[in-house]
Amino acid sequence: MTEFSVTFNRNLIAPCGINCGTCLAYLRSKNRCIGCWPNTGSKVPHCSLCKIKNCEHLNQTESGFCYECEKFPCPQLKHVDKRYRTKYHVSLIEHLLSIKDIGINAFLAKESVRWTCPNCGATICVHREHCLDCNVDLKK
């Protein structure tokens with residue numbers, strides 16, 4: 001069994017609960033996205049224009065996460081959550097509730113375990129059913 005070598009930091013967790021560290025745009029080597037939080041650098045257009053990241057209510061939260069918003073979960077978050085649950089078997093709302101309940105550091109530790117390839121130890125991409133490094137099939 002491979003040791004868990006993947007580590008994520010708080011800056012890779014988007015306000016909506018997406019782990020940018022598992023995104024194909026972040027993991028690719030060419031034109032790599034820098035994640036949701038930085039305001040400079042290379043980002044895919046839909047991330048720069050994201051209604052959630054640019055939400056006026058988000059600026060009123062102390063944590064910078066949607067779980068703290070009075071409108072949580074808003075229709076926009078529910079829409080993205082449904083897409084991620086359907087296509088990638090990941091719930092952003094569950095991510096946010098987990099961050100709220102156990103804290104960001106414990107959540108990051110859980111994500112490190114979840115997104116480490118059991119075959120080679122590389123980061124698993126949320127958008128693919130195989131490891132990008134060793135090509136092992138990860139369908140469950």
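Predicted model: local features only at pLDDT ≥ 70, side-chain atom pairs only at ≥ 80, totals over all residues.
Biologist: Where does N31 sit?
Modeller: N31 is in the loop between α1 (24–27) and α2. Residues are numbered from 1 along each chain as its sequence is written, and side-chain values use heavy atoms, with hydrogens and water left out.

Biologist: Why is N31 called exposed?
Modeller: Its relative accessible area is 60%. Exposed means over 50%, buried means under 20%, and partly exposed is in between (1.4 Å probe, protein chains only). So N31 counts as exposed. N31 also has a positive phi of about 50°, although it isn't a glycine.

Biologist: What makes C33 buried?
Modeller: C33 has 7% relative accessibility, so it falls on the buried side of that cut-off. C33 is in the loop between α1 and α2 too. C33 and C20 are 13 residues apart in sequence and 8.9 Å apart in space, C-alpha to C-alpha.

Biologist: How do you know that N135 is exposed?
Modeller: The relative accessible area of N135 is 54%, so the label is exposed. N135 is in the segment after α5, and it has a positive phi of about 70° without being a glycine. From N135 to I52 there are 83 residues in sequence and 33 Å in space, C-alpha to C-alpha.

Biologist: And what makes V80 buried?
Modeller: V80 has 9% relative accessibility, so it counts as buried. V80 belongs to helix α3. Leaving out residues up to four places away in sequence, V80 touches I18, I52 and L92; contact means heavy atoms within 4.5 Å. V80 and I52 are 28 residues apart in sequence and 9.6 Å apart in space, C-alpha to C-alpha.

Biologist: Why is α3 called roughly perpendicular to α4?
Modeller: Their axes cross at roughly 110° and come within 8 Å. The axes are lines fitted to C-alpha atoms, for helices over the stretch in contact, with angles from 0 to 180 degrees between N-to-C directions. Under 35 degrees is roughly parallel, over 145 roughly antiparallel, 65 to 115 roughly perpendicular, and the rest oblique. So α3 is roughly perpendicular to α4.

Biologist: Which residues meet there?
Modeller: L77, K78, V80, D81 and Y84 in α3 meet L92, I93 and L96 in α4. By class, that contact has six nonpolar, no polar and two charged residues. Ala, Val, Leu, Ile, Met, Phe, Trp, Tyr, Cys and Pro count as nonpolar, Asp, Glu, Lys and Arg as charged, and the others, Gly among them, as polar.

Biologist: Why is the pair of F65 and Y67 called stacked?
Modeller: The ring centres are 6.1 Å apart and the planes are at 15°. Phe, Tyr and Trp rings (Trp by its six-membered ring) pair if their centres lie within 6.5 Å; planes under 30 degrees apart are stacked, over 60 edge-to-face, and the rest tilted. So this pair is stacked. Both F65 and Y67 are buried.

Biologist: Where is P73, and what is the peptide bond from F72 like?
Modeller: P73 is in the loop between α2 (45–48) and α3 (75–88). The bond from F72 to P73 is cis, with omega near -10°.

Technical notes
Helix = DSSP H or I, 4+ residues; strand = E, 2+ residues; numbered from the N terminus.
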